[in-house]
Amino acid sequence: MCGIVGYVGRGSSRAFVMSGLEHLEYRGYDSAGFACIESASGKLLFAKAVGSLHSLVRKLDGSSIDGSVGVGHTRWATHGAATELNAHPHFSADKTISVVHNGIIENYGVLKQRLIQQGYSFSSETDTEVIAHLFDEVMQRMSGLEQVVQAVVEQLQGAFACVVLLERYPDYLVAIRRRSPLCIGLSSGQQFVASDAAAFAEHTRDVLFMPDSSYALVERAGVRLFSFAGLPLDYVPMRVDAQWLRSTKEGFEHFMLKEIYEQKRVLQETVAFCSTLSQDAWKQTGFSAEVVHDLRELFFVACGTSAHAAQIAAFFFEQIDQIRVSVELASEFRHRALFGFDHSVFVFLSQSGETADTLESLRAVHEAGLRTFSLVNVPQSTMARESDGHLLTQAKREVSVASTKSFTSQVALLYWLAFRIAYEKGLVPQDALAECQQDLLVLAEVFEEVMERYDSFIAHDWAPRYAAYEKFIFLGRQISYPLAREAALKLKEIAYCFVDCYQAGELKHGPIALVEPRVPVFLFSVLDEGVYRKLIGSAQEVKAREGRLVIFAFEGQDELIALADDVFIIPHVKPLLGPLAMTGIMQLCTYHIARVLGHSIDKPRNLAKSVTVE
Ligand code: F6R
């Protein structure tokens with residue numbers, strides 16, 4: 001959330017910063033700003049604009065604001081509406097100190113009151129502005145940049161990544177990180193600071209991921225890193241793989257559509273990845289024979305789409321491994337008491353590996369002395385670095401804010417993991433691993449085949465009809481219920497429709513009162529005969545009340561298919577992979593409704609790709 005880019009070097013900071021911000025716009029896009037130290041005058045200059053980065057580009061056009069040290073920001077509002085006053089950077093009263101910030105200063109209310117009593121006045125509603133005034137206040141009574149930064153950070157509570165520009169220290173960017181991601185791109189004669197290395201990928205791939213509770217003094221010639229206690233820290237930069245840093249639409253109208261169509265490859269690459277996991281690599285995950293033999297309960301902790309992937313995977317571990325599974329939403333898990341988990345393993349699931357709710361849950365589990373394991377998509381992410389063991393999902397960089405391919409990669413890898421653990425527990429022979437990989441390869445073919453079969457129909461016939469409805473009910477049962485939830489989330493995120501999602505069996509316990517012709521009911525079938533028969537009953541209940549039924553069914557499920565107003569028929573795959581076989585067309589349905597409605601698909605309103613605030 002919120003994109004930060006800073007540059008210090010010999011060139012035009014504005015050019016570097018603005019190009020970097022373009023790559024981070026997915027992190028927030030309600031306003032943007034730029035500030036720099038003008039090289040000739042040593043003065044701090046700035047510009048801000050409401051709306052997308054483009055508004056800022058237009059504002060800067062024709063202006064001479066530039067300098068060799070600069071910083072920019074795209075905002076995702078937390079405190080205060082998306083106005084120019086609330087846009088970053090924020091300043092000290094005399095405009096000699098500027099701050100851009102991502103995260104939340106939890107004690108900003110207390111700090112603000114104290115600063116007001118000291119005579120400071122505030123021009124924005126943000127928590128960020130307290131940082132600028134705090135720097136001013138400390139600099140009145142202290143000198144030495146290191147001492148000043150330390151005196152400020154020790155007053156701040158919460159999670160924050162900030163970059164500070166100070167007229168008094170015109171050659172420096174001050175980068176501060178606590179529980180919010182911030183990294184530094186190291187290069188000769190110029191350095192970059194950003195919330196995501198994608199911002200400076202074309203200039204350097206040598207990246208210092210700032211450790212938690214650290215600050216850096218970044219100069220043209222190099223970087224000095226310190227702990228919040230003021231101790232100098234050594235660091236070794238990481239060389240980041242280029243494929244992580246940039247992505248293009250490759251001719252597709254939107255990143256989301258491109259990413260939907262990448263899923264066959266993602267499934268194939270998941271299988272290829274699993275085949276290369278040697279016994280040694282497996283041991284590093286932390287699922288040693290002793291851990292697995294002792295394992296009674298798996299806790300998945302995740303948010304949003306990742307939580308839906310875990311809810312599907314829960315059926316894998318229960319059916320294949322006979323392990324009890326709980327899926328916890330990370331934002332709620334944070335409030336639970338941690339005790340009695342001697343035979344449990346905690347698995348944290350996240351595409352970005354930076355989601356604050358999940359990351360803080362991981363830290364809480366770690367602090368309780370329990371083992372942490374994560375499944376993340378971004379190898380250089382904080383979760384990958386902080387977990388005791390981790391596995392990488394194979395989606396590669398996902399740009400569209402609405403997750404698609406990362407969901408598929410998570411479910412596929414968890415399917416394999418369930419078999420791998422079953423093998424470790426002695427429940428299945430080694431052949432079962434090869435068979436499970438074959439199941440995933442069959443699924444990959446089916447996945448793309450059904451999308452190709454229905455894409456044109458969905459785009460030109462189906463979506464224009466369903467885009468006319470404002471409210472929907474989605475139903476699933478057993479393993480298709482989390483898929484229905486994921487479908488509902490997609491439609492809410494990008495088409496802004498109201499969707500209520502239920503376990504089909506619950507329909508008769510109340511929600512059936514909502515069924516009427518103007519509220520289409522989407523029903524997702526399963527490949528379990530007993531559950532399928534119950535779904536027929538739910539579909540009949542809807543039809544009996546003149547409900548409009550869109551059914552996602554499997555070949556041969558004729559009794560259910562006959563009840564549909566619109567139907568998508570999917571070839572058989574392994575029953576546990578049924579939800580994934582429906583995923584591609586479900587995503588196409590939501591994508592095309594949003595497209596017909598003319599929404600901003602890759603950057604939906606109010607959202608951001610990486611949710612780094614709790
Ligand atoms: C939905 C979506 C979000 C994320 C959630 C968790 O399309 O993208 O619901 O799934 O914010 O993000 P990660 O997986 O990065 O932890």
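Helices and strands here are DSSP runs, a strand being at least two residues long, and they are numbered from the N terminus. By that count the protein chain of this predicted model has 19 helices and 25 strands. Its radius of gyration is 26 Å, close to the 25 Å that the globule rule gives for 614 residues, so the chain is as compact as a globular protein of that length. The C-alpha trace spans about 80 × 55 × 45 Å along its principal axes. Of the 614 residues, 61% are buried.

The ligand is the next place to look. Domain 2 (249-428) and domain 3 (450-602) both give residues to the shell around the ligand, so the ligand lies between them. In total, 15 residues surround the ligand, and the closest are Ser-306, Ser-350, Gln-351, Ser-352 and Thr-355. By residue type, the shell divides into five nonpolar, eight polar and two charged. Two helices, α10 (304-321) and α16 (480-495), each supply at least two residues of this shell.

Some of the contacts can be given atom by atom. A polar side-chain atom of Ser-306 lies 2.6 Å from an oxygen atom of the ligand. For Ser-350, too, a polar side-chain atom is found 2.6 Å from a ligand oxygen atom. Thr-305 takes part through its backbone: one of its N or O atoms lies 3.1 Å from an oxygen atom of the ligand. Taken alone, the ligand exposes 410 Å², and the protein buries 91% of that area.

The remaining points concern backbone geometry. Most residues other than glycine have a negative phi, and most peptide bonds are trans.

At one of them, a cis peptide bond joins His-88 and Pro-89, with omega about 0°. Pro-89 is found in the loop between β4 (69-75) and β5 (90-91).

Another is Lys-396, which is not a glycine but has a positive phi of about 65°. This lysine lies in the loop between β20 (389-392) and α14 (405-424).

Gln-478 also has a positive phi, of about 55°, although it is not a glycine. Its place is in the loop between β21 (471-476) and α16, and α16 is one of the helices that supply residues to the shell around the ligand.

Technical notes
Residues numbered from 1 in each chain as written. Predicted model: local features only at pLDDT ≥ 70, side-chain atom pairs only at ≥ 80, totals over all residues. Heavy atoms only, no water. Near = heavy atom within 4 Å. Polar contact = N/O pair within 3.5 Å; in protein donor to acceptor, adjacent residues only side chain to side chain. Areas by Shrake-Rupley, 256 points an atom, 1.4 Å probe, with all protein chains shown as cover. Helix = DSSP H or I, 4+ residues; strand = E, 2+ residues; numbered from the N terminus. Nonpolar A, V, L, I, M, F, W, Y, C, P; charged D, E, K, R; others polar. Domains from an automatic or database assignment. Rg over C-alpha atoms; globule rule 2.2 N^0.38 Å. Buried < 20%, exposed > 50% of the residue type's maximum accessible area, 1.4 Å probe, protein only.
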